[in-house]
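Hello,

Here is the structure I promised to pass on. Please open it first, then read the notes below.

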Amino acid sequence: MHCLTGRGRTATILACFMCWIGEFSSVMEALQFIASKRKEPVEKLTIPSQRRYLQYFSNMLDGVKPRSEPLLLRRVIMNTIPKFGTQNGDIRDPSMPASSLAGNLPPGDPRDLGCCPYLQLFKGGKLVFTTTMTPSSGGTNAQGDATGDGGAGSSVTWAYPSDQSVAFSVDAVLQGDLLLRCRHLTAKGTRVSMFRAGFHTG
């Protein structure tokens with residue numbers, strides 16, 4: 001059994017399997033065992049979405065079935081703005097120290113570090129929804145809906161740490177297993193994946 005990296009997804013499925021065949025009384029106990037064999041903590045071996053799916057599996061074993069009704073996702077709020085680059089086109093590793101200018105510039109200055117975020121929702125590997133952030137009260141960001149793989153750069157606006165948080169208006173009816181991915185559109189039009197999360201509407 002193997003995934004691309006042989007870590008999180010492999011450990012998640014293996015924990016479910018070991019619990020299913022009766023080797024462990026709970027999936028979290030099985031995951032702890034796998035993590036101990038790999039000599040790393042559960043939090044480093046798996047991501048929150050994978051541990052959430054372990055809970056879904058545990059609920060199924062307890063006879064709790066996922067709800068079949070679709071749900072309305074109104075919005076997604078991202079707190080703390082990632083630093084992925086500048087409007088001028090400079091790309092910096094977000095794990096590296098910010099430049100001496102970053103943090104000392106006026107809000108919205110194109111030389112400051114920030115990101116140009118948009119969200120994508122996938123179901124069964126297919127893109128089902130894409131959206132850009134909505135303006136914060138009193139802010140200068142304009143809302144625009146992106147289409148396809150992110151739309152034109154004109155519809156995706158920049159966010160800065162000074163914004164503190166941004167909201168993505170979704171208003172979409174969703175059902176089942178979904179993958180949410182947040183991407184950054186660089187000044188050169190390159191799309192960079194910032195983070196992703198999987199969830200189930202049940």
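One term to begin with: buried means under 20% relative accessible area, exposed means over 50%, and partly exposed lies in between (1.4 Å probe, protein chains only). The model is predicted, so local features need pLDDT of at least 70, side-chain atom pairs count only at pLDDT 80 or more, and totals for chains, interfaces and linings use all residues. Residues are numbered from 1 along each chain as its sequence is written, and side-chain values use heavy atoms, with hydrogens and water left out.

Overall layout

The chain has four helices and six strands. These are DSSP runs, numbered from the N terminus: helices are H or I with at least four residues, strands are E with at least two. Along the sequence the pattern reads α-α-α-α-β-β-β-β-β-β. Of the 202 residues in the chain, 39% are buried. Take the contacts (heavy atoms within 4.5 Å) with a separation of 6 or more: residues 24 or more positions apart account for 61% of them.

Salt bridges

How many salt bridges does a search of the whole structure find? It finds two. A salt bridge here is a side-chain nitrogen of Lys or Arg within 4 Å of a carboxyl oxygen of Asp or Glu. Side chains of opposite charge can pair when their charged atoms come close.

Arg74 has a relative accessible area of 45%, so it is partly exposed. Asp171 is partly exposed too, because its value is 44%.

Another bridge joins Glu40 and Arg38, at 3.0 Å from N to O. Glu40 counts as buried because its relative accessibility is 14%. Arg38 is at 40%, so it counts as partly exposed.

Nonpolar cores

A nonpolar core is a set of buried Ala, Val, Leu, Ile, Met, Phe, Trp, Tyr and Cys residues joined through side-chain atoms within 4.5 Å. The largest has 18 residues. Those with the most contacts inside it are Val76, Met78, Ile81, Leu119, Val166 and Phe168. Two or more residues each come from E1, strand E2 (117-123), E4 and strand E5 (177-185). E4 gives the most, with five residues.

Leaving out residues up to four places away in sequence, Val76 touches Leu119, Val166, Ala167, Phe168, Val170 and Leu180. A second, separate core has 14 residues, including Cys16, Ala30, Ala35 and Leu54.

A helix pair

Helix H2 (residues 27-38) packs with helix H4 (residues 48-61) at about 140 degrees, the axes being 9 Å apart. H2 is therefore oblique to H4. Axes are lines fitted to C-alpha atoms, for helices over the stretch in contact, and angles run from 0 to 180 degrees between N-to-C directions. Under 35 degrees counts as roughly parallel, over 145 as roughly antiparallel, 65 to 115 as roughly perpendicular, and the rest as oblique. Val27, Met28 and Leu31 in H2 meet Arg51, Leu54, Phe57 and Ser58 in H4.

Phe122

Where is Phe122 placed? It is in strand E2. With a relative accessible area of 15%, Phe122 is buried. Phe122 and Leu180 are 58 residues apart in sequence, yet 6.5 Å apart in space, C-alpha to C-alpha.

Best wishes
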